[in-house]
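Keep the 3D view open as you read.

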Amino acid sequence: MADTQDTPDQQDEPGEQAEHKSGFVSFVGRPNAGKSTLTNALVGTKVVITSSKPQTTRTVVRGIVHRPDAQLILVDTPGLHRPRTLLGERLNDLVKTTLGEVDVVAVCLPANEKIGPGDRFIVREMAKIKRTVKVAIATKTDLADAERIGEHLLDIQKLGAEAGVEWAEIVPVSAQAGDQVGLLADLLVGLLPAGPQLYPDGDLSDAPEETIVAELIREAALEGVRDELPHSIAVVVEEMGLREGRDDDKPLLDIHANLYVERDSQKGIMIGHKGARLRDVGKAARLQIEALFGTPVYLDLHIKIAKDWQRDPRQLRKLGF
């Protein structure tokens, strides 16, 4: 079990060159376990969207942590769950495929909640992946007191023993408060194989820019919507590029995007009274995109209906699933 104090990096002996490491780490957990917030905290900037709504993540986004001694590639997967739709089945398949290809799987278990059936389901699934190193992370420790965190760490150890999973580490972390994020990075790097740098300096994710922009628009759309609506929202960026004919010192990024819902009633909710909700979504998304690219943005956003797209294979393909 990891010590709860950050420790300084151990210095190499004079003249001794540390071996460079590189590899892939996947965060898994039930929906809303803090995986995306943790990815962003380790990378140091926003590469995946976060929301209080479950099932926020739908694409596998790799966040890249650059260090002198290592390159840590974080694979943020959708939350594993018992699927109710074709979309849910495809998301679960995506997770399982990913987990067979990474070096370390880190299971996120929120410290402010007791371990439940969803957590047991996930850890039993982890037990089936034999060769991958497994780590447990007690997330959201800022929302629990010391006694609760201590109980949670013991419960995690017991959960692993029951499922036949041997934890290489159990680490309490608060991504929100920044507690132990550096220690977690050190521990994960320690579990990686020796290897060269896999991505160029400066790359923070290998997701296409259009994918990240679509996700930021979806994040803005998720704020304040009713419980049934988040699953029905999908965003596709149709066109994106710098506007021609402008001076180099006055660039403008043009983005044309469609936000899809499944029914007429949902379209009304997303547009809001006299278009107020759609304007708010557009403004919030535009500010996030401008912060990401450092460029003024013109965002042209339209709401469209793709009837029951979560259950329709043809619509799922069209929307990129």
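**A helix and its surroundings**

Helix 4 (residues 146-163) is built from 18 residues and spans 26 Å from its first C-alpha to its last, close to the 26 Å expected at 1.5 Å a residue; the expected span is 1.5 Å times one less than the number of residues. Helices here are DSSP runs of H or I with at least four residues, strands are runs of E with at least two, and both are numbered from the N terminus. Before going further, please note that this is a predicted model, in which local features need pLDDT of at least 70 and side-chain atom pairs count only at pLDDT 80 or more, while totals for chains, interfaces and linings use all residues. Residues are numbered from 1 along each chain as its sequence is written, and side-chain values use heavy atoms, leaving out hydrogens and water.

Which residues of helix 4 are buried? They are Arg 148, Ile 149, His 152, Leu 153, Ile 156, Leu 159 and Gly 160. These residues lie on the same side of helix 4 because they cover an arc of only 140 degrees around the axis, taken from the directions from the helix axis to the C-beta atoms. Buried means under 20% relative accessible area, exposed means over 50%, and partly exposed is in between, using a 1.4 Å probe and protein chains only. The cover over the buried residues of helix 4 includes strand 4 (104-110), helix 3 (117-127), strand 5 (133-139) and strand 6 (169-172). On the face turned away from the buried side, you will find the exposed residues Glu 147, Leu 154, Lys 158, Ala 161 and Glu 162. After helix 4 comes Gly 164, with a positive phi near 80 degrees.

Now turn to Arg 67, in the loop between strand 2 (61-66) and strand 3 (70-76). Arg 67 counts as partly exposed because its relative accessibility is 21%. Leaving aside residues up to four places away in sequence, Arg 67 touches His 20, Ala 185, Asp 186 and Val 189, where contact means heavy atoms within 4.5 Å. The C-alpha atoms of Arg 67 and Val 189 are 9.6 Å apart, although 122 residues separate them along the chain.

Finally, step back to the whole chain. It has nine helices and nine strands, and 49% of its 321 residues count as buried. Among contacts with a separation of 6 or more, 73% join residues 24 or more positions apart.
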